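Q: Hi! Could you walk me through this structure in plain words?

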Amino acid sequence: MLFTILSIMLSFSSSVLAAPLATRQETVSNVKCTGGNALDFHTVNVAQLQICGGIAGSIQKCQGAPTSTTGTSGNVQFSIKPVQAGATINISKGRWEQGIKAAFAVCGQDKPFSATFTGGASVGDVNVVLKQV
Ligand SMILES: *[C@@H]1O[C@H](CO)[C@@H](O)[C@H](O)[C@H]1NC(C)=O
């Protein structure tokens with residue numbers, strides 16, 4: 001009886017944990033680790049939310065359809081440019097955060113990189129750079 005309850009609980013919690021990852025996974029390609037030390041964790045988190053004039057709080061995607069954008073805090077700068085000339089950026093916060101995590105998984109947490117994130121624009125993919133400024 002106890003065993004049954006435990007296995008039901010286990011299968012329930014693992015499916016709850018698996019669902020958001022499966023539906024929100026962003027793929028990245030062309031990841032290049034551009035060198036330098038890891039940047040400050042908190043400053044990276046703030047800069048990450050400054051793209052497109054700000055995507056903090058309840059804002060769930062890039063606003064205003066810009067053709068390029070930067071997110072800067074202190075000495076940390078993210079920049080985004082569509083791969084296709086003339087495309088506009090409309091990346092969702094979920095994709096943005098997942099892509100950054102995937103790049104850090106390759107280069108190391110908070111380390112400078114350049115990468116292509118799949119989708120995120122009116123047409124095609126976006127090129128993303130994280131650097132120290
Ligand atoms: C961005 O634009 C493309 C093309 O119009 C669309 O398919 C996609 O759903 C949009 N993404 C968001 C987050 O609005």
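A: Helices (H or I, at least four residues) and strands (E, at least two) are DSSP runs, numbered from the N terminus. This is a predicted model, where local features need pLDDT of at least 70, side-chain atom pairs count only at pLDDT 80 or more, and totals for chains, interfaces and linings use all residues. Residues are numbered from 1 along each chain as its sequence is written, and side-chain values use heavy atoms, with hydrogens and water left out.

Q: What sits between S2 and S3?
A: Two residues, and the strands form a hairpin. Gly74 in that turn has a positive phi of about 50 degrees.

Q: New topic: where is Ala85, and is it buried or exposed?
A: Ala85 is in the loop between S3 and H3. It is exposed, because its relative accessible area is 82%. Its C-alpha atom is 8.5 Å from that of Thr67, and the two residues are 18 apart along the chain.

Q: OK, which residues touch the most other members of the largest nonpolar core?
A: Ile51, Phe78, Ile80, Ile91, Trp96, Phe113 and Phe117, out of 25 residues in that core. A nonpolar core is a set of buried Ala, Val, Leu, Ile, Met, Phe, Trp, Tyr and Cys residues joined through side-chain atoms within 4.5 Å.

Q: Which elements give two or more residues to this core?
A: Helix H2 (41–48), strand S3 (76–82), helix H3 (93–107), strand S4 (113–117) and strand S5 (126–132). The largest share, five residues, comes from H3.

Q: What does Phe117 touch?
A: Leaving out residues up to four places away in sequence, its contacts (heavy atoms within 4.5 Å) include Val28, Ile91, Trp96, Ile100 and Val126.

Q: How many disulfides does the structure hold?
A: Two. A disulfide is a pair of cysteine sulfur atoms within 2.5 Å. One joins Cys33 to Cys107, with an S to S distance of 2.1 Å. That pair links distant parts of the chain, since Cys33 is in strand S1 (residues 28–33) and Cys107 is in helix H3, 74 residues apart.

Q: Is Cys33 buried, partly exposed or exposed, and what about Cys107?
A: Cys33 is partly exposed, because its relative accessible area is 45%. Cys107 is buried, because its value is 12%.

Q: What about Cys52 and Cys62?
A: They form a disulfide with sulfur atoms 2.0 Å apart. Both lie in the loop between H2 and S2, so the pair ties together parts that are ten residues apart in sequence. Cys52 and Cys62 are both buried.

Q: Last one: which residues are around the ligand?
A: Lys61, Asn90, Ala121 and Ser122. Here, a residue counts as near if one of its heavy atoms lies within 4 Å of the molecule or strand in question. A polar side-chain atom of Asn90 lies 2.4 Å from an oxygen atom of the ligand.

Conventions
Buried < 20%, exposed > 50% of the residue type's maximum accessible area, 1.4 Å probe, protein only. Pairing = 2+ DSSP bridges. Polar contact = N/O pair within 3.5 Å; in protein donor to acceptor, adjacent residues only side chain to side chain.
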